[in-house]
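Try each task before reading its solution.

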Amino acid sequence: MTKTAKYLSLTACALAASLFLSGCGGGADTETAAPTVAISAAASGSDVLFTFVFSEDVGTTFTADDVSVSGGAKASSLSKVDATHYTLVVTPDSTGADVTATVAAGKFSAAARTANVVSGSATFTIDVAIKAPTSSPSAPPTRAAGNVKSIYSDAYTSIADTDFRPNWGQPTAAGEITVAGNNIRSYTNLSYEGIQL
């Protein structure tokens with residue numbers, strides 16, 4: 001009878017200790033996975049908008065200083081969409097190079113202070129939508145129409161039947177864009193091109 005009582009007493013004590021540890025956050029560490037970030041990029045007018053999606057809330061540990069950028073100039077601060085989504089605007093530089101945003105390892109952490117161990121990066125390929133001019137020429141043409149032979153112009157009457165994309169088997173796509181009220185010829189996926197009069 002005495003042996004049974006001692007056994008029950010020890011079992012109850014072990015159970016109480018287990019419940020105490022669970023209630024106080026003891027036992028196994030549930031915060032073992034480091035947070036991660038996925039980065040995407042899209043055109044936003046003449047800028048590039050990078051979006052950062054975190055695997056969990058990173059609190060205030062992530063700022064614009066944690067993002068390194070090549071091919072452009074980043075805004076001084078991020079925009080917080082919600083606890084796991086942030087955006088950053090980058091203005092492409094004049095070289096026309098692609099724009100890349102990178103977050104290195106150790107730049108942000110989760111609520112339990114576990115820092116990221118994997119970097120993240122995204123590159124936006126500059127195209128006509130980004131590199132298109134935004135203003136009219138500073139010196140528009142002023143010559144008398146009788147002294148001009150035009151193949152493409154809003155200011156003069158152009159030669160009829162000009163072919164800006166002869167079918168020579170090239171992958172180049174030709175079209176038009178409008179900038180500040182002026183029509184402009186545009187070419188994308190450029191390999192080679194010509195104008196047939």
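The model is predicted: local features need pLDDT of at least 70, side-chain atom pairs count only at pLDDT 80 or more, and totals for chains, interfaces and linings use all residues. Residues are numbered from 1 along each chain as its sequence is written, and side-chain values use heavy atoms, without hydrogens and water.

**Exercise 1.** Decide whether Tyr86 is buried or exposed.

Solution. Take the cut-offs: buried is under 20% relative accessible area, exposed is over 50%, and partly exposed lies in between (1.4 Å probe, protein chains only). Tyr86 has 5% relative accessibility, so Tyr86 counts as buried. Phe62, at 4%, is buried too.

**Exercise 2.** Classify the pair of Tyr152 and Phe164.

Solution. Rings of Phe, Tyr and Trp (its six-membered ring) pair if their centres lie within 6.5 Å; planes under 30 degrees apart are stacked, over 60 edge-to-face, the rest tilted. Here the centres are 5.5 Å apart and the planes stand at 80 degrees, so the pair is edge-to-face. Now place the residues. Both Tyr152 and Phe164 sit in the loop between α2 (128-131) and β9 (173-179), twelve residues apart. Helices (H or I, at least four residues) and strands (E, at least two) are DSSP runs, numbered from the N terminus. Tyr152 is partly exposed at 27%, whereas Phe164 is buried at 12%.

**Exercise 3.** Which residues form one aromatic cluster?

Solution. Start from the total: the structure holds seven aromatic pairs. The cluster consists of Phe52, Phe54, Phe62, Tyr86 and Phe108.
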